[in-house]
Amino acid sequence: MRNKCTLFLLAILLIAGIGTVSAQSLKGMSLNGATGLISIPTGQIGWERTANIGLDFGYHAVIDEETAHIPKASISLFKLAEVSFAYDTQFGDDNEDIIIGGKIQLPTTGTFVAIGANFQMLKQGGNDENVTQIYLAATYPGNFFGMPSMTTVVVGKSFGDPIPKSDIDFGMGFDLLLFPKVFQNYIHWITDFANFSYSAQAVGANAAQRGTFNTGIRIDLGSIPALKKYKFVIDAILTDAMDDNRAFALGVVFGAPLQ
């Protein structure tokens with residue numbers, strides 16, 4: 001069953017990447033604060049074309065038997081780089097995690113490519129563990145049954161005591177602008193699948209066993225003419241959707257250009 005689901009997802013992603021039509025690019029935040037989909041980053045930064053300095057603030061609540069709160073922020077610099085920060089409350093006492101990330105976008109054309117890293121300061125019952133991840137992310141535009149899409153592929157490596165030394169990080173995902181004429185560019189379907197999560201101690205999207213498939217709706221309120229200079233995104237997400245430990249997440253991101 002797992003292999004069939006994986007092959008089905010990969011087929012959709014490959015189809016979504018066909019074509020050269022420019023896609024409506026909605027740059028929301030992944031759960032760890034980097035510009036991205038759900039668990040995975042994209043090859044984009046938050047304000048790569050419209051501002052030399054841009055600031056984003058976000059919040060996701062991952063709802064299972066309890067609720068984990070993940071406030072986050074990022075700053076984009078000179079249409080080239082991004083630095084992000086997330087605070088993950090986890091569940092229970094003395095389990096809070098801090099994730100600091102950064103990425104640099106390479107000067108490519110047609111496809112957005114970024115190299116990035118994040119440093120995870122993890123706690124579990126007061127015991128400290130650190131994990132570092134490095135990655136290369138590529139995001140390219142396509143067209144899926146007449147609907148603009150952005151497809152992302154991520155390859156990387158994580159280092160730290162909880163991570164098997166032989167593991168290689170891999171993820172794929174896409175952002176599909178759903179029926180733009182019907183929904184007036186407001187509704188995106190976002191999906192990703194990866195053998196890593198937003199952190200090595202993730203809530204809801206735990207990839208440690210067999211990978212995680214996440215999917216949901218991203219609403220682009222920045223398409224409202226009065227808000228066109230800003231970023232205003234609402235997420236409704238099902239994390240680890242193929243397993244019985246699936247969870248629901250709600251999120252919001254607001255961003256503004258500073259210069």
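This is a predicted model: local features need pLDDT of at least 70, side-chain atom pairs count only at pLDDT 80 or more; totals for chains, interfaces and linings use all residues.

Biologist: Is Ile104 buried, partly exposed or exposed?

Modeller: The relative accessible area of Ile104 is 42%. Buried means under 20% and exposed means over 50%, with partly exposed in between. Ile104 is therefore classed as partly exposed.

Biologist: Which residues form a nonpolar patch on the surface together with Ile104?

Modeller: The patch has about 540 Å² of accessible area in total. Besides Ile104, its members are Phe78, Leu80, Leu106, Ile115 and Leu136.

Biologist: Is Ser30 buried or exposed?

Modeller: Ser30 lies in the loop between helix H1 (2–16) and strand E1 (53–63). Leaving aside neighbours within four places in sequence, Ser30 is in contact with Gly36, Leu37, Ile38, Ile40, His60 and Lys72. Its relative accessibility is 1%, and the limit for buried is under 20%, so Ser30 counts as buried.

Biologist: How many strands make up the closed barrel?

Modeller: The barrel runs in order from E1 to E12, with antiparallel pairing. Neighbouring strands of this sheet are turned by 20° against each other on average, direction ignored. The number of strands in the closed barrel is 12.

Biologist: Which residue of E8 stands opposite Val154?

Modeller: Strands of a sheet pair through backbone hydrogen bonds, either parallel or antiparallel. Strand E7 (residues 147–159) pairs with strand E8 (residues 169–177) in the antiparallel sense, over eight bridges. The residue of E8 opposite Val154 is Gly171.

How values were computed:
Residues are numbered from 1 along each chain as its sequence is written. Side-chain values use heavy atoms; hydrogens and water are left out. Patches are made of residues with over 30% relative accessible area and no salt bridge: like charges are joined within 9 Å, nonpolar side chains (Val, Leu, Ile, Met, Phe, Trp, Tyr) within 5 Å. Accessible areas come from the Shrake-Rupley method with a 1.4 Å probe; for residues, only the protein chains shown count as cover. A salt bridge is a side-chain nitrogen of Lys or Arg within 4 Å of a carboxyl oxygen of Asp or Glu. Buried means under 20% relative accessible area, exposed over 50%, partly exposed in between (1.4 Å probe, protein chains only). Helices (H or I, at least four residues) and strands (E, at least two) are DSSP runs, numbered from the N terminus. Contact means heavy atoms within 4.5 Å. Two strands pair if DSSP finds at least two bridges between them. Axes are lines fitted to C-alpha atoms, for helices over the stretch in contact, and angles run from 0 to 180 degrees between N-to-C directions.
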